[in-house]
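Reader: I am new to this protein and would like to learn how to read it. Could you take me through it one feature at a time?

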Amino acid sequence: MKTVEEIRETIQFQFPKGFWWGSSASATQTEGAADKDGKGQNIWDYWYEQEPSRFFNDVGPGDTSQFYSRYKEDIALMKYIGHNSFRLSISWSRMFPNGVGEVNAKAVEFYNDVINEMIANEVEPFVNLYHFDMPMAMQDIGGWANRKVMEAYVEYAKTCFTLFGDRVKKWFTHNEPIVPVEGGYLYDFHYPNEVDFRKAVQVGYHTILSSAKAIQVYKELNLDGKIGIILNLTPSYPRSQHSADLKASNIADVIFNRSFLDPSVKGEFPDELVSILKEEGFMPVIEKGDLDLIKSNTVDLLGINYYQPRRVKAKENLPNPEAPFTPERYFDNYVMTGRKMNPHRGWEIYEKGIYDILINVKENYGNIECFISENGMGVEGEERFRDKEGVIQDSYRIEFIREHLKWVHKAIQEGSNVKGYHLWTFMDNWSWTNAYKNRYGFVSVNLDKDAERTVKKSGYWFKKVSQDNGF
Ligand code: BGP
């Protein structure tokens, strides 16, 4: 038998001591119990009730892996497969069924139990406050377009900090805040399914402001922890080095990445973004004091979600002047030949993208403390890979993670301040309109067998990676 030292010697990619190994998930995608114990409706519950056919196989957010009732079993599994940390989100509409008012005691009990159970299992809770799940009562008065909703969110955040901040040391104000902007107000894949660029900008602006306000409140409470935001950074690569392609690629970067990254980390919106909005007449309504507040309440910690790059080329066809304004007025997405694809999700797999993001953060964002908060591969029909022992042989997922981790490792060698890697996701879960179409987890969920959990090959592999702190 090999000694520990001998095994260590075979590790080629060794990560720094204390590296955060784990995964991430969100309340709506895992909890279930959508109408239990006083939870109010959120936009997903409502939208599903209205239009079930918009969801894959008509499966809605009530039918998830039932983390609400099975969290103990799930946390034990997290520990088993080597998680030293896990990101969950709190459901605003569970805490405050109407978005504001009296806190729901049952919700407080649930999140207290979950947090305590995680700590008892040495799985550090990373807690996010908003993961796409606007309480319906808040959407009814305009959602993020209404400043009152932003104030309600800040109250909700304060309540969470006060109740759980003695044990939770890593907080996040939002997950991928640009996605509700794109989905809800530009490209019709989230409720309220509007296409209205002016509103999209206002919604995005209020989201950033709400994040800064929550950070301010957190700091005032003097809790000893860190607060950050989780952004989906999609590096933009131009088709060529011609100036028109470079310009198009830069605009895509400014709109889809820097619009949230710059104010979150630097406290300022990029000049290029402001120029575009001014030129097009889409500047949001900004109240006195807002920009100072954003300037003085930047994040301590940045979560980076990375799935795919964006390939961009200069606009070839003139946009239809009748069509509603979208950012595609400025560039075309470019389909590069010969790229590696995840055919199930239709996303390009470009592992080096993760390194490019980390180096960009190191060089242009003060090398702020960061971690990979999501990265993963959604695959359809994984049951066909289940072997006789009942284990899903997802070697493709192992390869996906390993190849991304190699680039993370390289970034660390070059001085990146990246502190961890969380896979999307721990256990196959319900996803927005795709429901259970694509499976992402280390652990599979058999929907025909009372959501039975079984660890996939990737879960066993990850356990070892975490134990060895490398591979
Ligand atoms: C991210 C979200 C997650 C998750 C993931 C996978 O954008 O933060 O909530 O859903 O993407 O995407 P999908 O489920 O759409 O395949």
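Reader: How many nonpolar, polar and charged residues does the shell around the ligand have?

Author: Start by sorting residues into classes: Ala, Val, Leu, Ile, Met, Phe, Trp, Tyr, Cys and Pro count as nonpolar, Asp, Glu, Lys and Arg as charged, and the others, Gly among them, as polar. Here the shell has 3 nonpolar, 9 polar and 3 charged residues. This is a predicted model, where local features need pLDDT of at least 70 and side-chain atom pairs count only at pLDDT 80 or more, while totals for chains, interfaces and linings use all residues. Residues are numbered from 1 along each chain as its sequence is written.

Reader: Which residues come nearest to the ligand?

Author: A residue is near a molecule if its C-beta atom, placed from the backbone, lies within 6 Å of it. Of the 15 residues around the ligand, E176, G378, W424, S431 and N438 come nearest.

Reader: Is W424 buried or exposed?

Author: Count the other C-beta atoms, placed from the backbone, within 10 Å: 20 or more means buried, 12 or fewer exposed, and anything in between partly exposed. W424 has 24 such neighbours, so W424 counts as buried. Across the chain, buried residues make up 49% of the 471 residues.

Reader: Where is W424 found, and what is W424 in contact with?

Author: Helices (H or I, at least four residues) and strands (E, at least two) are DSSP runs, numbered from the N terminus. W424 belongs to strand 13, residues 418-424. Two residues are in contact if their C-beta atoms, placed from the backbone, lie within 7 Å. Leaving aside neighbours within four places in sequence, W424 is in contact with S23, S24, E374, N375, G376 and Y440.

Reader: What is the peptide bond from W424 to T425?

Author: Most peptide bonds are trans. The bond from W424 to T425 is cis, with omega near 10°, and T425 sits in the loop between strand 13 and strand 14 (443-446). Another cis bond runs from Y191 to P192, with omega near 15°; P192 lies in the loop between helix 9 (178-185) and helix 10.

Reader: What is phi of D188 near?

Author: Most residues other than glycine have a negative phi. For D188, phi is positive, near 60°. D188 is also in the loop between helix 9 and helix 10, and is partly exposed, with 14 other C-beta atoms within 10 Å. N367 has a positive phi too, near 50°, and its place is in the loop between helix 14 (352-364) and strand 12 (370-374).

Reader: At what angle do helix 8 and helix 10 pack?

Author: Axes are lines fitted to C-alpha atoms, for helices over the stretch in contact, and angles run from 0 to 180 degrees between N-to-C directions. Helix 8 (residues 147-164) and helix 10 (residues 197-220) pack at about 30°, with their axes 9 Å apart. Among the residues that meet there are M150, Y153 and F161 from helix 8, and L209, A214 and V217 from helix 10. By class, the residues of this contact divide into 9 nonpolar, 2 polar and 3 charged.

Reader: How many helices and strands does the chain have?

Author: There are 16 helices and 15 strands. The radius of gyration, taken over C-alpha atoms, can be set against the globule rule of 2.2 Å times the number of residues to the power 0.38. The chain's value is 22 Å, close to the 23 Å that the rule gives for 471 residues, so the chain is as compact as a globular protein of that length.
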